[in-house]
Amino acid sequence: MAAPAARDENLDALRALMAAHSPPLHALVVPSEDAHQSEYVSERDKRREFISGFTGSAGLALITMKEALLWTDGRYFLQATQQLSACWKLMRIGEDLPVEMWIAENLSDDAVIGINPWCVSVDAAQRYEQAFSKKRQMLFQLSSDLVDEVWKDRPPVKPLPVIVHPVEFAGRSVSEKITELREKLLPEKAAAIILTALDEVAWLYNIRGSDVDYSPVVHSYAIVTLHDAFFYVDKRKVTAEVEKYMAENGIDIKEYDMVATDASLLASGKLKGSAVGGSLDGDKDINGTANSKIWIDSGSCCLALYSKLSSHQILTLQSPIALPKAVKMQESYGASGYFSEAKASQKKENLQSKLTEVSVSDKLEGFRATKEHFRGLSFPTISSVGPNAAIIHYKPEASTCSELDADKIYLCDSGAQYLDGTTDITRTVHFGKPTEHEKSCYTAVLKGHIALDVAVFPNGTTGHSLDILSRTPLWKDGLDYRHGTGHGIGSYLNVHEGPHLISFRPSARNVPLQASMTVTDEPGYYEDGSFGIRLENVLICKEANAKFNFGDKGYLAFEHITWAPYQAKLIDTKLLTPAEIEWVNTYHADCRRILEPLLNEQENEWLRKATQPIAVSC
């Protein structure tokens, strides 16, 4: 990443391009997303990181002729204050004005705001345009990204191969999925759909790749009509095996940058594949009604493709792929310190000479790498000691990372990609003597973690309604956390998967939870400059065995599928109810039963100690 002085020079160069543009730009929006509205992007798509120096996964930069502002959410407030230079102002989402309202209130009438239309979703663009209309401000679609012109050493495209994902792991064949997709087009009077989200294309066509770190996806698009299917990808990535596979499944392979041209052809009814098909306006459903709509998901479709279509023919609904994809089915200081509360000074020297945030993270990755079907991590491991654990998405670097310190809490959030699934788990531990405050905070997080795990709720309930369950025990002590409580997880796909989530954010109201969805349960608490606590399991939503069925709605519950002990010495049992103590003891008993056959005797000795029943303190 460029030094602060170089980044400030890049701002000057960017402003010069803005001033020289026709029309001159009063502001430039630089989002985090790529052309597929991805959460995690490739190195060459990290434009916002390049121009601002802020490395978090979520955020938006706005550059005017006089100011540079960076919007991000509560996960990154502390990190952003550390990474932004004096040229930048941090805007806190949820506390400060949204970017479009800030522009409307602070820029002049008739101001021109430039955007790369490939990196802005339809939803975002329409929100901007509505806010700008009050002062006749213009959202201007740039023909090239100005940041790219400043970014002289932007990483090149790496033509990494597309990989066929076997049906034994995918669950269903491509032909089945495409048939089901076409069946969903008919009742909506749609003749075609444009798929832009990388994980949706990968899921539909049963392919994977290596274009984005930690997410096994391929930079690609898909267009599926009632007769044809198209796969837009850099053809240098297509092996003979993939070419044969696509041909066998009736999918035409086209160059990645042909998608814009083909969207225009689709709109005019002239897009044809190798299969014989009718025109866009001539397709009929079983009742003889014309199907002429083109389906897009306005949350993931970029403005550039949307602009190729006529407004009267666009159908904006959540992608019909979203729900089917989401519904799934040692003898060292550390070991002894995990159980006892001996003073850290007794063995601190031995610990610090061997273990750092990075070395521990690397060791964990090494363990995972020995397992069958391992394909890499699912996100950068958050291995964090003491104050670093208060940085919610902290990423340790070998040159600057902290050593493990028995006087401080250690938080590890990690996960991996396997052919047969994606994992995500967080545990927080202390290898010395935790303070009473640390124990009470940990216990409040644990109580919230349990409250969500045991929830029973009617069909139709959203994650927005459930979010409060994990926060209530923290709120009682005047504590809270600035991130959501749970996210979906892909199956050898993105570790953060929608459309559902458990969160206070309004978007969590959009999609009810359904049986066979996966979702995480991860409340936390963070004290800046001191420590952070988070506990995370993966849950499967299932039908509940409720005594009654009020309203004939059917009821749902959760089943946890993550098995790792909670650290007993961080639990203040005086703060737990008998039911919560029983939950912990049952969970630990299940950990022993499930994990014992997989471990050697030394490992099982540790496991037996870690899962001993806890009792109410006197």
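**Figure 1. Pairing of S15 with S18 in a predicted model.** Strand S18 (residues 416–418) runs antiparallel to S15, and three bridges join the two; strands here are DSSP runs (E, at least two residues) and helices are DSSP runs (H or I, at least four), numbered from the N terminus, and two strands count as paired if DSSP finds at least two bridges between them. Within this pairing, Gly-376 has Gln-417 of S18 as its bridge partner. The pair belongs to an open sheet of three strands in the order S15-S18-S19, with antiparallel pairing, whose edge strands, S15 (374–377) and S19 (421–422), each pair on one side only. The model is predicted, so that local features need pLDDT of at least 70 and side-chain atom pairs count only at pLDDT 80 or more, whereas totals for chains, interfaces and linings use all residues. Residues are numbered from 1 along each chain as its sequence is written, and side-chain values use heavy atoms, with hydrogens and water left out.

**Figure 2. The open sheet S16-S17-S20.** Three strands in the order S16-S17-S20 form an open sheet with antiparallel pairing, in which S16 (382–385) and S20 (425–430) are the edge strands, each pairing on one side only. The twist averages 10° from one strand to the next. Four bridges join S16 to the antiparallel strand S17 (residues 409–414), and the bridge partner of Ser-383 in S17 is Cys-412.

**Figure 3. Packing of helix H17 against helix H18.** Two packed helices are described by the angle between their axes and the distance between the axes. The axes of H17 (residues 436–453) and H18 (residues 463–475) come within 7 Å and cross at roughly 155°, where axes are lines fitted to C-alpha atoms, for helices over the stretch in contact, and angles run from 0 to 180 degrees between N-to-C directions. The two helices are therefore roughly antiparallel, a term for angles over 145 degrees. On the H17 side, Ala-444, Val-445, Lys-447, Gly-448, Ala-451 and Leu-452 meet Leu-466, Leu-469, Ser-470, Pro-473 and Leu-474 of H18, contact being heavy atoms within 4.5 Å. The residues of this contact divide into eight nonpolar, two polar and one charged; Ala, Val, Leu, Ile, Met, Phe, Trp, Tyr, Cys and Pro count as nonpolar, Asp, Glu, Lys and Arg as charged, and the others, Gly among them, as polar.

Figure 4. Most residues other than glycine have a negative phi, and most peptide bonds are trans. The peptide bond from Ser-22 to Pro-23 is cis, with omega near 0°, and Pro-23 lies in the loop between helix H1 (4–20) and strand S1 (27–31). The bond from Gly-498 to Pro-499 is also cis, with omega near 10°, but Pro-499 is placed in strand S23 (residues 497–502). Asp-110 has a positive phi near 65° and lies in the loop between helix H4 (99–106) and strand S5 (112–115); at 44% relative accessibility, Asp-110 counts as partly exposed, the class between buried (under 20% relative accessible area) and exposed (over 50%), with a 1.4 Å probe and protein chains only. Asn-206, with a positive phi near 50°, lies in the loop between helix H9 (198–205) and strand S9 (207–208) and is buried at 1% relative accessibility.

Methods. Parallel < 35°, antiparallel > 145°, perpendicular 65-115°, else oblique.
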